[in-house]
Amino acid sequence: MSRKNEKDQNSVLPTRKMRRRGRVFAGIIGVAFGLLILRLGFLQIVQGEFWSTKAVSQQLNDSLVAAHRGTIYDCNGKVLAESMEVWTVIMTPYNIAQLDDAEAVRVKIADEVSKILDVDRDTLYKKTTRTESQYEKIASQVEYPVVEELISWAEKNKLSNSGIFRVVTDYKRTYPYGSLASCVIGFTGTDYYGLYGLEAEYNDVLAGVAGRVVTAQNGVGGDMPVSLTYEKTVDAEDGHSLVLTIDQNIQHFAEKYLEQSIIENSVKNRGVSIVMNVHTGAILAMAVKGDFDLNDPWTVTDPNALEAMKLLSGDEKSDALATARQAQWSNKAVSEFYEPGSVFKVFTSCMAIEEGVADMNTSFYCPGYIEVMGQQITCWHAGHGMQHFPDIISNSCNPGFITLGVGLGGERFFKYFVGFGFTEPTGIDMLSEGHSTTSLYHGIDMTDLDVATSSIGQTFEITPIQMATALCAVANGGYLMQPYVVAQELDGNGNVVKTTEPVVKRQVVSTETTKQVASMLAAAVNGGGSKNVYVAGYRVAGKSGTADKTETRQGGAENEVWGSFGTFAPADDPEIVCVTITDTAQSDNRWGSHTAGPVCQSILADTLPYLGVEPLYTEEELANLSTVTPSVTDKEVSTATTIIANNDLHYSIIGNGKTVVRQIPEAGSSIPKDGTVVLYTDSDSLGSTTAVPDFHGMTLSQANAAADAANLNLEISGVGLDSGEATVYSQDYEVGAKVSPGTVVYLVFVTDSAIA
């Protein structure tokens, strides 16, 4: 063999190096193949169910069917929140494609149905071209008149039986009373999920379980051909309903008078009023003003915030809008803090009596200040002189209460501070209950100076609901109750499935102690320093409070205060507590006795009779009670005047007729004793009017003179019978309003003395 042939043969035979390389390569292929087999086995055996489910999910179009969200009722069954039936409109483009004039129908639907449903024309047209789809949602939350219009359109265009459109029942959340209890009830989002208030706290109860419509789709997302159609419907499960402890009428009283105070006193940071059953802890009313319309919660209602936003743009405006919304949604009654000021002296009194530090006969001297650990703490008054225990409550004397606090000492003071619930949330069944980080100190660490400032309600912060709950304990014999707003849960058939039972947390002080404190608080109202919550026929127990904001962690400006008032009634056998707080009033008189007291007074004056609490009038009160206007319309003038005189009333005749054609006040309405009934005797006289004077700031005698000059009747409330220094705080008719002669104008009087 030639050398050349030998060289050629060696070039094609595998060398040892090549054989080794081949074995390595074959091994790699073998390992890779083995790993692939293992992976396939893992996917098929271990993860088979997962991938099978995923494959099915890609082949199914799953659409939700809304559940009926439960109704929210007040304690009397009045609807506060409900779900109104609306509809979702579904289109089946596949059925359009089966028509001979499919394109013309697509254009007609896009042009005309888009207007009926108020949807974008081009978007709707694009959906009509998805010829494999059997389920295209084209409109949600459609109300019945629009559905009727769509049905009529389909009939007119001979498409009723084409299967192109169908409507599915859906629901829309509505709130019949608008802003009433808005910060309590809360609202839902566009997805029907509770966002705030009870709607959020009880979302799982109210929401129910959504139903489903499941249809098959092909690999590119379109529905399967009709011959292979798969559709399954899973019915929705309706949510449960809630019955609240809130009484719509009492809630209305609280909101009405609180809003009036906010306007009258130019309150900057909203206000709160809480009405609570002292025996159960049930919340009868929880008012927060300013608030918002539950049917339109995204619209900001604060005029100051709206004015400020006009000057902003871009991100700054967006941030300001978000802040303003959060501010109006916040339930100030449970989530925001304030200093209670002198209302807290109620609890210092309970502590002192319970521990034997003082009794009803203990005397105190007030020179206008007191020194504690080298610090001088002033009284709001130049000096009360010598007083007894009831006097320091009526006078709201700082030195008197500081003496009590220092006498108790830090450890005992803190024990009761904890006992009345001021160091922990109340546990009310609502979202975002606040828990202050300034909950005083650990008992033995409190210095005399710490106790001194705390005993008069300064240097610590609590929530309004904590105050109302603690005040209930003073009213009910010493028992701290857990507050609540949901009384019952009902199923879809209205059956009670859950009832809230009152919870007694503990007894803080003895019943005898609370009776003594209630007696002193009632004396302060009936002729004492808290007379702005006087209600004729009822003994009201109450205490005012005013706290300076400049030294708090909330950083108030100079002269900014919290004004507050805490009351319960009747003082001898309490039924309800009423607490009101105004945050940063900007009126000349910012004291709690002026900004919050009249709110409590008006709420109690309306609520106690409404609850059936019988009044017990003194002889002097009886002499000043209003009476019922007799019916004299259609009677001869001579007969009418005799009837009116026999009812100890006066009369005024307008017109020249012989028969009464109208009377003001109307028959059966309230009229003050000694009031005047105006008799109209011909049709020409019926249009006569008189302008309502501006009674604000007038004394009782001045108001009576102004009313006589305007031919009006007055009904008054808000002060005791010895009310010479009282002036008009509010009137129910606007200044200058044109009313019929004889109209009864309701005035609320307050004393302007600054009681802390």
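The structure holds 22 aromatic pairs, where rings of Phe, Tyr and Trp (its six-membered ring) pair if their centres lie within 6.5 Å. Planes under 30 degrees apart count as stacked, over 60 as edge-to-face and the rest as tilted. This is a predicted model: local features need pLDDT of at least 70, side-chain atom pairs count only at pLDDT 80 or more, and totals for chains, interfaces and linings use all residues. Residues are numbered from 1 along each chain as its sequence is written, and side-chain values use heavy atoms, with hydrogens and water left out.

**Aromatic pairs**

- The ring centres of W87 and Y144 are 5.6 Å apart and the planes stand at 50°, so this pair is tilted.
- W87 belongs to strand 3 and Y144 to helix 7 (residues 144–156), so the pair ties together parts 57 residues apart in sequence; helices (H or I, at least four residues) and strands (E, at least two) are DSSP runs, numbered from the N terminus.
- W87 is buried at a relative accessible area of 13%, whereas Y144 is partly exposed at 44%. Buried means under 20% relative accessible area, exposed over 50%, and partly exposed in between (1.4 Å probe, protein chains only).
- F413 and F417 have ring centres 6.3 Å apart and planes at 25°, so they form a stacked pair.
- These two residues, F413 and F417, are four residues apart in helix 17 (residues 398–419), a separation of about one helical turn. Both F413 and F417 are buried.
- A cluster linked by ring pairs consists of F344, F347, F413, F414, F417, F420, F422 and F460.

- D74 sits in the loop between strand 2 (72–73) and strand 3 (79–91).
- D74 is buried but has no salt bridge, and the nearest side chain of opposite charge, K78, is 5.4 Å away. A salt bridge is a side-chain nitrogen of Lys or Arg within 4 Å of a carboxyl oxygen of Asp or Glu; Lys and Arg count as positive and Asp and Glu as negative, while His and the chain ends are not counted.
- The D74 side chain reaches two backbone nitrogens: that of G77 at 3.0 Å and that of Q248 at 2.9 Å.
- Beyond its neighbours within four places in sequence, D74 is in contact (heavy atoms within 4.5 Å) with L80, V243, L244, I246, D247 and Q248.
- E339 is placed in the loop between helix 14 (332–335) and helix 15 (345–354), and is buried with a relative accessible area of 5%.
- The side chain of E339 reaches the backbone nitrogen of T459 at 3.3 Å.

**The loop at A67**

- A67 is found in the loop between strand 1 (60–65) and strand 2, and is buried at 6% relative accessibility.
- Leaving aside neighbours within four places in sequence, the contacts of A67 include Y171, Y192, V209, A236 and D238.

**Whole protein**

- The protein has 25 helices and 31 strands.
- Of its 756 residues, 49% count as buried.
- Among contacts between residues at least 6 apart in sequence, 73% join residues at least 24 apart.
- The accessible surface is about 35,200 Å², with 51% belonging to carbon and sulfur atoms; accessible areas come from the Shrake-Rupley method with a 1.4 Å probe, and for residues only the protein chains shown count as cover.

Notes
Polar contact = N/O pair within 3.5 Å; in protein donor to acceptor, adjacent residues only side chain to side chain.
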